[in-house]
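Here are my notes on this one, as numbered points. Have a look at the model first, then read on.

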Amino acid sequence: MEAINGVPVTEDMIQAWADEAERGYDIDALRKRGRKPKGDGPARVVPVRLDDSLVRALDARAEEDKTSRSDVIRAAIRAYP
């Protein structure tokens, strides 16, 4: 038997979900998925190689700023003229 978060899924549950779907959903009320945009448009992953000393510096700055490595890198690039 299938389970969701450890709760067994019953035929009654499946029927209730099907009935709900057939009635339709309020699109505006649905939870948004995915990450929030960080810039002007869709983001791309850009791999960057860093030596150990740069990784340590990056981690230290991220910890100091209570943020992520990615946020530190984005801020550094935006600050570059």
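Which residues form a nonpolar patch on the surface?

1. Val 46, Val 48, Leu 50 and Leu 54 do, with about 360 Å² of accessible area together. Areas are Shrake-Rupley with a 1.4 Å probe.

2. Keep in mind that this is a predicted model, where local features need pLDDT of at least 70, side-chain atom pairs count only at pLDDT 80 or more, and totals for chains use all residues. Numbering starts from 1 along each chain, and side-chain values use heavy atoms, without hydrogens and water.

3. Leu 54 counts as partly exposed because its relative accessibility is 45%, between the cut-offs of under 20% for buried and over 50% for exposed.

4. Arg 33 is in the loop between α1 (11–23) and α2. With 71% relative accessibility, Arg 33 counts as exposed.

5. The chain runs β-β-α-α-α from the N terminus. Its radius of gyration is 22 Å, whereas a compact globule of 81 residues would have one near 12 Å (C-alpha atoms; rule: 2.2 Å times the number of residues to the power 0.38).

Definitions and conventions
Patch = residues over 30% accessible without salt bridge, like charges linked within 9 Å, V, L, I, M, F, W, Y side chains within 5 Å. Salt bridge = Lys/Arg side-chain N within 4 Å of Asp/Glu carboxyl O. Buried < 20%, exposed > 50% of the residue type's maximum accessible area, 1.4 Å probe, protein only. Helix = DSSP H or I, 4+ residues; strand = E, 2+ residues; numbered from the N terminus.
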